[in-house]
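Biologist: Please take a close look at the nonpolar core of this protein, and at the parts of the chain around it. I would welcome one connected account with the cut-offs stated.

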Amino acid sequence: ADVVEDIVATYVELRERPFGAGDSVRITAGPLAGWSGIFDCALSDAERVVILIENLQQGRVVIGRGCLELSEAA
């Protein structure tokens, strides 16, 4: 059972995309799909994150982690 738990724990860690403060990200799903922003922080539930939307002055959005990808934009 320990081996299975280790494999599952490793898989889950690899599956989650690590975002760091200041990373350029792009929204890939939902009504804001295609918009770009800057990763701000993860929330305590680990499923939602806060990003700063580049298209909105001082705009902050809480969005599901699975709806983001790292962007090539600098």
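Modeller: The account below moves from the chain as a whole to the core, its aromatic rings and its surroundings.

The model is predicted, so local features are reported only at pLDDT of at least 70 and side-chain atom pairs only at pLDDT 80 or more, whereas totals for chains, interfaces and linings use all residues. Residues are numbered from 1 along each chain as its sequence is written, and side-chain values use heavy atoms, with hydrogens and water left out.

The protein chain holds 1 helix and 5 strands, where helices (H or I, at least four residues) and strands (E, at least two) are DSSP runs numbered from the N terminus. Read from the N terminus, the order of these elements is α-β-β-β-β-β. Of the 74 residues, 20% are buried; buried denotes under 20% relative accessible area, exposed over 50%, and partly exposed the range in between, with a 1.4 Å probe and protein chains only. The chain exposes about 5,300 Å², of which carbon and sulfur atoms supply 53%; these areas come from the Shrake-Rupley method with a 1.4 Å probe, and for residues only the protein chains shown count as cover.

The largest nonpolar core has 10 residues: Phe19, Val25, Ile27, Phe39, Val49, Ile51, Ile53, Val61, Ile63 and Leu68. Such a core is a set of buried Ala, Val, Leu, Ile, Met, Phe, Trp, Tyr and Cys residues joined through side-chain atoms within 4.5 Å. S1, S3 and strand S4 (59-64) are the elements that give two or more residues to this core, and S3 supplies the largest share, 3 residues.

The strands are linked by pairing, which requires that DSSP find at least two bridges between two strands. Strand S1 (residues 24-27) is antiparallel to strand S2 (residues 36-42), with 3 bridges, and Ser24 has Ile38 in S2 as its bridge partner. S2 in turn runs antiparallel to strand S3 (residues 48-53), joined by 5 bridges. A hairpin is formed by S2 and S3 with 5 residues between them, and Ala46 in its turn has a positive phi of about 65 degrees.

The structure contains 1 aromatic pair. Phe19 and Phe39 are stacked, at 5.5 Å centre to centre with 25 degrees between the planes. Rings of Phe, Tyr and Trp (its six-membered ring) pair if their centres lie within 6.5 Å; planes under 30 degrees apart count as stacked, over 60 as edge-to-face and the rest as tilted. Because Phe19 lies in the loop between helix H1 (2-15) and S1 while Phe39 lies in strand S2, the pair ties together parts that are 20 residues apart in sequence. Both Phe19 and Phe39 are buried.

Glu47, by contrast, counts as exposed because its relative accessibility is 55%. Glu47 is located in the loop between S2 and S3. Beyond neighbours within four places in sequence, Glu47 contacts Ile63, Gly64 and Arg65.

Methods: Contact = heavy atoms within 4.5 Å.
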